[in-house]
Amino acid sequence: MATARNRASFERGFVYLVLLLSAAFFLMPLIAMIFTSLKSMPEITGAAGFENNTILTPPKEPSVAAWGAAWSSACIAVACEGLRSYFWNSVLMVVFAVAISVMLGAVNGYVLSKWRFRGDNIVFGMLLFGCFIPFQIVLIPMARLLGILDIAGTIPGLVFVHVCYGIPFTTLFFRNFYVTIPDELVKAARIDGAGFWSIFFLILLPISTPIFVVAIIWQFTGVWNDFLFGASFAGADARPLMVALNNLVNTSTGTKTYNIDMAGAMIAALPTMLVYIVGGRYFVRGLTSGAVKG
Amino acid sequence: MRKLRGLAPQLTLLPSLILVAVTVYGFIAVTMVLSLTKSRMLPRFDRWEGFDNYARVWNHPRWEVAMENFAIFGILYIGGTLFIGLLLAIFLDQKIRAEGALRTIYLYPMALSFIVTGVAWQWIMTPDLGLERAFQIWGWDSFEFDWITQSEMAIYCVVIAGVWQASGFVMALFLAALRGINPEILAAAKMDGASGPSMYWHVIVPALRPAFLTAIVVQGHLAIKSYDLVVALTGGGPGFSTELPSTFMYEFTFSRNEMAVGASSAVMMLVLVMILIVPYLYSELRDGDR
């Protein structure tokens with residue numbers, strides 16, 4: 001009896017040990033980033049006075065100088081104005097791209113779930129396929145189309161691209177959500193004389209808040225974190241933050257300033273981290289509902 | 001007018017359908033056609049090359065490296081995230097204290113961009129300053145970790161960073177699936193004498209089949225599309241030792257002015273995704289037709 005209990009508590013200890021070691025593994029890069037961003041370069045390189053510094057030692061003389069430099073004075077290509085303007089580029093791009101793609105997705109989901117027509121499942125399937133394509137397959141023609149529309153290299157151009165490839169996801173979210181709302185609700189309203197739009201605005205929209213949160217978080221994270229489209233289509237003035245961050249870290253000449261690099265990475269990571277911490281539940285729902293049936 | 005009103009639903013769908021028809025299906029067709037032309041710096045449709053561009057892709061030493069890396073990365077990335085994700089999900093499902101906090105910690109990397117992940121791991125893996133130095137200072141004098149500077153090992157750095165980023169997602173998938181298993185099945189298995197590990201091995205893991213399928217499809221297509229992580233972590237280097245199909249496509253299309261070759265490699269990437277996705281979408285939609 002005693003050995004059985006010992007064995008059970010040993011197993012329990014093992015489970016906790018694995019879980020805690022995993023937590024350390026997942027947290028380690030974040031800790032290294034934060035600590036490094038608060039150190040001076042001599043401390044990072046272990047110069048005299050800092051011989052025992054490692055990436056995981058807390059800063060001896062914490063300073064936000066690197067954060068200030070990353071924000072407003074670090075050199076990216078030829079301009080030494082930090083990430084600030086690129087940050088606002090990303091904000092502008094995200095606001096419009098998310099608003100437009102989520103609104104379109106809501107209406108699409110409504111039609112595909114409550115106004116079924118012949119072939120609607122095929123339409124839905126063809127939209128879904130858009131979630132999975134490797135975007136390399138559309139880069140060349142898209143560059144051309146943006147040129148024809150005269151929005152090449154601009155923020156509206158990037159918004160357009162993100163709306164096109166966001167629609168499949170937002171439609172999926174709303175369609176799968178509205179499918180779970182009983183059709184009787186819509187039928188009753190139709191008998192009462194409600195039309196297409198009034199049913200949407202008066203009956204479905206008021207109960208759609210959770211799925212709006214899911215779709216907005218999903219799109220916000222996706223567009224904010226995008227690199228490929230930004231790198232391919234943005235001109236110098238419209239570059240989003242992720243492209244600028246990569247340029248800051250990987251194309252700078254001279255000695256690498258790890259503290260500024262890490263502060264820049266933290267600045268780029270903070271908005272989505274914040275969203276994750278505040279709306280974690282909805283974030284997870286988006287992740288899994290994009291993938292799991294029903 | 002009444003007829004028009006009857007069409008309102010389809011009409012509202014129309015703008016999105018046109019956008020997707022053009023920018024997904026139309027563009028796929030254009031890229032396919034381009035891959036058969038002699039386009040170099042600009043697209044041109046008046047001089048044809050046929051399938052020679054595909055031969056050029058497959059015979060190119062960089063594509064060979066890209067495919068080899070894709071195989072290594074794909075297998076280890078999918079395998080690694082599935083293993084860690086399943087393990088964490090099962091362990092978290094043992095009535096763990098602070099489960100919520102642990103879940104949050106495992107999953108937060110999914111909120112980061114691959115660029116941030118790449119930048120962070122590049123720093124951590126920097127020899128002399130990163131983890132290598134840390135372990136040496138902590139007393140393991142002979143510790144060496146300089147994979148990122150080694151042509152043969154750098155791709156494994158990409159694997160580590162990728163697994164770090166995405167394991168939490170697989171954990172969330174499996175945890176949701178574990179909690180969705182019909183309790184009656186578990187009760188019946190218990191009656192038959194199953195317990196502990198044998199319960200997991202024979203009853204619970206088989207019941208997670210749909211979650212496995214989803215995880216493999218999602219991670220597999222992410223592995224094929226993977227681009228940002230390599231750019232930020234290794235820049236495709238040292239040399240072109242961490243080349244992937246995506247970096248090959250970008251290099252040939254935008255840096256080398258070999259647009260037709262780039263288009264051919266993009267078509268190859270699409271084919272890889274289709275092999276993975278089409279059967280999955282087909283079965284999903286067929287089952288979903290309730």
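Predicted model: local features only at pLDDT ≥ 70, side-chain atom pairs only at ≥ 80, totals over all residues.
A:R281 lies in helix α14 (residues 280-289) of chain A. Its C-alpha atom is 8.9 Å from that of A:V214, although 67 residues separate A:R281 and A:V214 in sequence.

Helix α12 (residues 241-250) of chain A is largely enclosed by the rest of the structure, because eight of its 10 residues are buried. Among the buried residues of α12(A) are A:L241, A:M242, A:N246 and A:V249. Within chain A, the buried residues of α12(A) pack against α4 (84-114), α10 (209-225), α11 (228-233) and α13 (258-278). They also pack against α6 (114-124) and α12 (228-233) of chain B.

Chain A is assigned two domains, whose bounds are as follows.

| Domain of chain A | Residues |
|---|---|
| Domain 1 | 2-63 |
| Domain 2 | 84-289 |

The centres of domain 1 and domain 2 of chain A, taken over C-alpha atoms, are 35 Å apart. Eight residues of domain 1 of chain A are in contact with seven of domain 2. On the domain 1 side, α1(A) provides the largest share, four residues. By class, that side consists of four nonpolar residues, three polar residues and one charged residue.

Between the chains, 72 residues of chain A are in contact with 78 residues of chain B. Helix α2 (residues 8-34) of chain B gives the most to the chain B side, with 16 residues. That side comprises 58 nonpolar, 15 polar and five charged residues.

Notes:
Residues numbered from 1 in each chain as written. Chains lettered and ligands numbered in written order. Contact = placed C-beta atoms within 7 Å. Helix = DSSP H or I, 4+ residues; strand = E, 2+ residues; numbered from the N terminus. Nonpolar A, V, L, I, M, F, W, Y, C, P; charged D, E, K, R; others polar. Buried ≥ 20, exposed ≤ 12 C-beta atoms within 10 Å, placed from the backbone. Domains from an automatic or database assignment.
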